[in-house]
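Subject: Structure for you to look through

Dear colleague,

Here is the structure I promised to pass on, and my notes on it follow below. Please keep it open beside you as you read.

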Amino acid sequence: MISMSKNKPILVIGAGISGCTIAERYANILGKKVLIIEERENIGGNCFDYFNKDGILVPKYGPHFFHTNDEDVWNYLSNFIEWKPYEHRVLSFVEGKMVPIPVNIDTINKIFNAKLSNSREAKAWLKKNVEVINRPKNSEEAAVSRVGRILYEKMFKNYTKKQWNMLPSELDPEIMNRIPVRTNFDDRYFTDKYQAMPEGGYSKLFENMLSNKRIIKKFNFNFFDSDINLKNYEKIFFTGPIDKFFNYSQGKLQYRSLKFIHTTLKKCFFQERAQINYPGNQKFTRITEPKHATGQKSKKTTIIKEYPTWVGSPFYPVINKNNLSKYEKYAKKAAELRKDGIYLVGRLAEYRYLNMDDAFKNALNLFNRLNKKQLKTNQEHVLQ
């Protein structure tokens with residue numbers, strides 16, 4: 001068992017959402033010294049963005065559009081950044097037509113040359129076309145029970161196949177259950193109360209979070225190749241892949257990755273929206289154009305094509321029975337480490353898909369849970 005002392009610093013492995021949140025809380029709220037180490041050369045994990053040589057703010061690992069209904073998360077992040085309102089709207093290129101996604105009345109009208117005009121008619125159309133499956137066993141069944149067989153075939157089947165290199169019938173239903181379906185004309189991808197982009201970018205947000213001098217940051221630092229002594233730290237938080245942490249003792253978990261091709265063009269805009277999906281035979285899944293979201297003014301624009309791959313940094317856990325069975329074994333081993341002050345936290349460490357706000361909330365909840373007594377004492381001192 002690792003000997004824990006409250007005088008020792010905190011070690012955080014990984015400078016993504018979870019790691020930065022944990023480090024910020026321990027430094028700013030509890031006054032702890034924190035060492036945060038990161039394998040990459042940049043802050044913010046997959047949210048890292050930068051200004052390219054043409055002065056355009058671009059996300060290195062694909063775009064992230066912040067949205068939340070959680071007041072606590074919104075207020076927390078607002079301590080570190082100003083926000084630029086932005087409501088994300090997505091189009092899908094289906095059989096030569098640009099149609100809105102999520103599926104709404106306009107989507108149905110454009111694809112089927114229908115003339116639906118209200119929610120009642122849309123609900124009736126869906127009722128006629130969906131397949132009644134009370135307990136979908138996979139993502140194909142989940143999709144056809146939500147949008148029907150024809151829309152599934154046109155918009156989701158091949159897109160999912162490209163994204164995961166698996167048919168929807170091979171994936172758990174929760175992947176397709178994430179697809180929103182509307183019976184009105186609302187073409188916003190999200191309907192959350194708060195939808196915005198951080199002014200100056202996500203990297204600025206994370207830099208501000210880690211600005212406390214008590215936080216020491218080390219980049220290009222591989223935890224697994226280091227001789228770092230865990231006994232020197234009060235608590236250790238690991239935010240990387242859980243299977244790697246345990247040296248793949250229960251077998252490798254599958255993560256889908258992405259390859260990004262950035263291209264800067266001599267035009268103000270390339271496409272109508274920040275994101276256009278391509279469910280057809282193209283090798284890429286979508287093209288994104290950050291300027292739509294950042295609101296930058298420039299005579300040039302950068303577009304990003306995304307190509308799903310098994311090679312590269314882990315992005316998305318592949319949720320199926322085989323992977324979940326392995327993960328449960330790892331989760332039991334992780335639970336045993338908590339008595340030693342070692343905690344695995346975040347999307348990769350917990351092998352689940354988390355939206356950005358969920359990832360922030362998850363890390364905040366862990367910090368609050370571990371330090372409940374100290375936080376209560378601090379609050380009592382403030383009230384006195």
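**Salt bridges**

At 26% relative accessibility, R89 counts as partly exposed, where buried means under 20% relative accessible area, exposed over 50%, and partly exposed in between (1.4 Å probe, protein chains only). This is a predicted model, in which local features need pLDDT of at least 70 and side-chain atom pairs count only at pLDDT 80 or more, while totals for chains, interfaces and linings use all residues. Residues are numbered from 1 along each chain as its sequence is written, and side-chain values use heavy atoms, with hydrogens and water left out.

R89 and D187 join their side chains in a salt bridge at 2.7 Å, N to O; the term means a side-chain nitrogen of Lys or Arg within 4 Å of a carboxyl oxygen of Asp or Glu. D187 lies in the loop between helix 7 (174–177) and strand 9, and R89 in the loop between strand 6 (83–85) and strand 7 (90–94), so the pair ties together parts that are 98 residues apart in sequence. Helices (H or I, at least four residues) and strands (E, at least two) are DSSP runs, numbered from the N terminus.

A second pair, R286 and E306, has its closest N and O atoms 2.9 Å apart. R286 is buried at 14% relative accessibility, and E306 is buried at 2%. Salt bridges with shared partners also join E87, R89, D186, D187 and R188 into one network, and a search of the whole structure finds 21 salt bridges.

**Nonpolar cores**

A nonpolar core is a set of buried Ala, Val, Leu, Ile, Met, Phe, Trp, Tyr and Cys residues joined through side-chain atoms within 4.5 Å. The largest one has 47 residues, and those with the most contacts inside it are F66, F206, F237 and F360. Its largest share, 7 residues, comes from helix 12, which spans residues 356–370. Leaving aside neighbours within four places in sequence, F237 is in contact (heavy atoms within 4.5 Å) with several residues, including I10, V12, Y26, Y343 and L370.

With best wishes
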